[in-house]
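Dear colleague,

Please find below the structure that I am handing over to you, followed by an account of what was found in it.

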Amino acid sequence: MFHHCALLQVTHYKQYPPNTTKVYSYFECREKKTDSTKLRKVKYDKTVFYGLQYILHKYLKGQVITPEKIQEAKEVYREHFQDDVFNEKGWNYILEKYSGHLPIEIKAVPEGSVIPRGNVLFTVESTDPECYWLTNWVETILVQIWYPITVATNSREQKKILAKYLMETSGSLEGLEYKLHDFGYRGVSSQETAGIGASAHLVNFKGTDTVAGIGVIKKYYGTKDPVPGFSLISLSFVSHCDCICGSTITAWGKDHEKDAFEHIIKQFPSVPVSIVSDSYDIYNACEKIWGEDLRDLIEMRSADAPLVVRPDSGNPLDTVLKVLDILGKKFSPVENAKGFKVLPPYIRVIQGDGVDINTLQECLLSVSCISSVIGAALM
């Protein structure tokens, strides 16, 4: 197993037993061993393996070693350790013999595979006995695969929950790939994190507003579809953020909220349009503005271009149920084969705040237990 350290790897070549020629390492997602007196709950017993190809192509492929990089590293590590511990000889050997390409071999299970915990996901070994130390040198960058694995695994678990309740409330998995939308662009630490995490979500779903993930997939993976992810016209730029999404509504002023709604739905008559509706009072917006003032305009829209009402604040469980109840009384729902009422196809609801694997299940459980509530209405 890789040792979780970073700078100490600089000196590993001095620490291996004399005459070492081979180091073989492996990566797995495992359960941490704990004291028998302590209980540890493993959330998932399987993981989705994803993200290795990105790291290989971006950081390890081709000529990655140059004279300039060797000199820079030598100076940085001398300053850091206050000693000449950097393996300059070893790196110059790779530069001269392999033109800066890394003599390592990585074997992995296919990306996208669902693997039980405790199994090897990939192995690493050097192909040159002189570079035995290189195997674990690349550990730090490779172990960063934990992030896309975690996102893809969590996304898959939520997809399983959605699938379960879709079958219970409708008897069909139609549209499942669009039931969990990624609004996470502004909630991550960097542009690169956004791309990696969003692409991992797209392993399971097709709905995203984090366009950086589309770029990662196109550049490093490719896709059989022209575009790996899709969005809908939303009152946001590329991410979920209340102040930005709501700004196009509040810019009209409180007394002109209806005018703002009407203007926007008329701007996008032939595509789905998501409108943040809680700038002032989500329930008044649903009952009065959507349900009365603009009802005729909404009913003219098609199933391919629905209005998507978007509550973005409050407790998701309470808000979603009440919004569905109000809209169900204002628009004529139909009863499906499972006995649940479904909003007409020209109007849908998407909850854009406070959604995680726990609140998702709570909302869906509540809907499935109350047949008078409009089931299958979450976008």
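A search of the whole structure finds 14 aromatic pairs; rings of Phe, Tyr and Trp (its six-membered ring) pair if their centres lie within 6.5 Å, and planes under 30 degrees apart count as stacked, over 60 as edge-to-face and the rest as tilted. One of these pairs is formed by Phe261 and Trp290, which are stacked, with 4.4 Å from centre to centre and 10 degrees between the planes. The pair links distant parts of the chain, since Phe261 belongs to helix H11 (residues 257-267) and Trp290 to helix H12 (residues 282-293), 29 residues apart. Helices (H or I, at least four residues) and strands (E, at least two) are DSSP runs, numbered from the N terminus. Both Phe261 and Trp290 are buried, where buried means under 20% relative accessible area, exposed over 50%, and partly exposed in between (1.4 Å probe, protein chains only).

Before going further, please note that this is a predicted model, in which local features need pLDDT of at least 70 and side-chain atom pairs count only at pLDDT 80 or more, while totals for chains, interfaces and linings use all residues. Residues are numbered from 1 along each chain as its sequence is written, and side-chain values use heavy atoms, with hydrogens and water left out.

As to the overall picture, the secondary structure of the protein chain comes to 15 helices and 11 strands. Of its 379 residues, 47% count as buried. Among the contacts in the protein chain with a separation of 6 or more, 74% are accounted for by residues 24 or more positions apart; contact means heavy atoms within 4.5 Å.

Further aromatic groups

Phe27, Phe49 and Phe122 form one aromatic cluster. Two charged side chains are also placed over rings, which requires NZ of Lys or CZ of Arg to be within 6 Å of the ring centre and within 35 degrees of the ring normal. Arg295 lies over the face of Phe331, 5.7 Å from the ring centre, and Phe331 is buried, as is Tyr346. The charged end of Lys322 sits over the ring of Tyr283, at 4.2 Å from its centre.

The axes of H12 and H14 come within 10 Å and cross at roughly 20 degrees; axes are lines fitted to C-alpha atoms, for helices over the stretch in contact, and angles run from 0 to 180 degrees between N-to-C directions. That makes H12 roughly parallel to H14, given that angles under 35 degrees count as roughly parallel, over 145 as roughly antiparallel, 65 to 115 as roughly perpendicular and the rest as oblique.

Pro67, Ile70 and Lys74 of H3 meet Glu88, Trp91, Asn92 and Leu95 of H4.

Helices H8 and H9

Helix H8 (residues 191-201) is mostly covered, with 9 of its 11 residues buried. Among these buried residues are Gly195, Ile196 and His201. The cover over them includes helix H2 (52-60), helix H7 (146-170) and helix H9 (212-220). In H9, the buried residues are Ala212, Gly213, Ile214, Val216, Ile217 and Tyr220, and what covers them includes H2 and H8. Gly222, whose phi is positive, near 80 degrees, follows H9.

Lys218 also lies in helix H9 and counts as partly exposed, at 49% relative accessibility. Leaving aside its neighbours within four places in sequence, Lys218 is in contact with Pro226 and Pro228. Lys218 and Ser199 are 19 residues apart in sequence and 9.7 Å apart in space, C-alpha to C-alpha.

Leu364 lies in helix H15 (residues 357-369) and is buried, with a relative accessible area of 11%. From C-alpha to C-alpha, Leu364 and Val320 are 9.9 Å apart in space, and 44 residues apart in sequence.
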